[in-house]
Amino acid sequence: MRQPAAIQHTLLLTDGRNEHDPPGYLDKVLDACAPHFTCDARGIGDGWDAAELKRIARRLHGRADAVLEDAALAAEFEEMVSASMAKALAGVRIRIRTRAGSRVGFVKQVHPTRVDVTDEGVRPDERTWEWTTRAWGDETREYQVSVLADPRGDPTGEDVELATVELAVEGDTALPPPEPESLLVQWTDDVLLSSRIDPRLAHYDADSELGHAITAGCDAYEAGDRERARRQWGRAVQLAHQLGSEKLLTRLSGLVHIVDAATGEVRIREPIRPLDLNSAIIVSEESVHFVGVERPRAAAPPAADVICPACGRRSPATAEFCQQCDTPLGTEPGDTPLGAEPGGAT
């Protein structure tokens, strides 16, 4: 008997790539499958394409990884099956209702993987957006939400509700629905206050930069630019060390000899196996869970932040890519430091 709340989950093991279909065909198939099931994927051997496998898993709301040794295939498959069977909820809907005049800027999953789900949202009415997050097991997922609003007419220095966020569990469940949470903002003309970065947000910004550094290094290596690859992978090693990602440090050690992880001093391995490149790329969108900080971090001086020249988002000076639009920061002409931003900060 067909059950609408059934958990539909597939596993993909592949040692090859999509080579014979016409351009765009794979994307059409993924679009057709996406509403019906999720898919976790694993690449085996040297013949698969990490970017392609990531695209499949991302579109089908799953996770992709590499099987590093043939002898580990059976254990990897068993782990995937166990994780699939542990799914208990058919799906969870994220519902965001904004105040009049506000709108959702973006919605991104930041843990356990980084996925921009903004374009997957639907609008039941003018002020409500909904996203379906597919099957859940015993796990934690974190999301970053941006709401855009006009501050005119609002008080300064007081909490203002821009939106409410609600979770709705799909299917029959005994779980009580959680209470909606308010998304609050305080408008301010104080540049120092507006430049403070929440530790959780700073953590996931650094995590995003780590992923960019891995893929940028792989792109440079495949283009023959060994020095740029070394710099990017060195930065990735430094960030992985700071974030405590042993998994990514292990994958990066297949690409470089790590001389000093804290400073990012590395030497490129020669030769590098295709499997090692793929295994680093395939996990570049995995994130390290934020567990808090031991003590509050001092606010950075206003001039330390950078304004994205493409979309205007504020980022810490250490960020190399904009969290909102992925534009490179700090290395291209035209980057705008915070101190040069016209007008006051809000």
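**View 1. The structure holds 1 cavity of 30 Å³ or more.** This is a predicted model, in which local features need pLDDT of at least 70 and side-chain atom pairs count only at pLDDT 80 or more, while totals for chains, interfaces and linings use all residues. Residues are numbered from 1 along each chain as its sequence is written, and side-chain values use heavy atoms, with hydrogens and water left out. A cavity here is a set of points, on a 1 Å grid over the protein atoms alone, where a 1.4 Å probe fits but cannot get out. The largest cavity takes up about 120 Å³, a volume being the space filled by probe spheres set on the points, with grid points joined across faces, edges and corners. Lining residues have an atom within 4 Å of a point, and for the largest cavity they include Lys 54, Ala 57, Arg 58, Val 115, Ile 282 and Glu 286. Helix α2 (residues 50–59) puts in the most, with 3 residues. Helices (H or I, at least four residues) and strands (E, at least two) are DSSP runs, numbered from the N terminus. By type, the lining of the largest cavity splits into 5 nonpolar, 2 polar and 5 charged residues. Nonpolar covers Ala, Val, Leu, Ile, Met, Phe, Trp, Tyr, Cys and Pro, charged covers Asp, Glu, Lys and Arg, and the others, Gly among them, are polar.

**View 2. The second largest pocket has a volume of about 1000 Å³.** Of the 45 residues that line this pocket, His 61, Gly 62, Arg 63, Lys 87 and Arg 141 are the closest to its centre. Unlike a cavity, a pocket is an open set of points, with protein on both sides within 12 Å along at least five of seven lines. At least two lining residues each come from β2, α2, β3 (64–67), α3 (73–85), β5 and β8 (128–132). Helix α3 gives the most, with 4 residues.

**View 3. His 61 and Arg 134 both have positive phi.** His 61 has phi of about 60° although it is not a glycine. You'll find His 61 in the loop between α2 and β3. With a relative accessible area of 23%, His 61 is partly exposed; buried means under 20%, exposed over 50% and partly exposed in between (1.4 Å probe, protein chains only). Arg 134, also not a glycine, has phi near 65° and lies in the loop between β8 and β9. Arg 134 is partly exposed too, at 21%.

**View 4. An open sheet of 3 strands runs in the order β6-β5-β9, with antiparallel pairing.** The edges belong to β6 (115–116) and β9 (142–148), each with a single partner strand, so one side of each has no neighbour in the sheet. Two strands pair if DSSP finds at least two bridges between them, and 2 bridges join β5 (residues 103–111) to β6. Gln 109 has Val 115 of β6 as its bridge partner. Pro 112 is in the loop between β5 and β6, and the peptide bond from His 111 to Pro 112 is cis, with omega near 10°.

**View 5. The count comes to 1 aromatic pair.** Rings of Phe, Tyr and Trp (its six-membered ring) pair if their centres lie within 6.5 Å; planes under 30 degrees apart count as stacked, over 60 as edge-to-face and the rest as tilted. Tyr 221 and Trp 233 have ring centres 5.6 Å apart and planes at 35°, so this pair is tilted. Tyr 221 sits in helix α5 (residues 199–222) and Trp 233 in helix α6 (residues 226–243), 12 residues apart. Tyr 221 is buried, at 11% relative accessible area, and Trp 233 is buried at 0%.

**View 6. The peptide bond from Glu 270 to Pro 271 is cis.** Its omega is near -5°. Pro 271 falls in the loop between β13 (265–268) and α8 (274–282).
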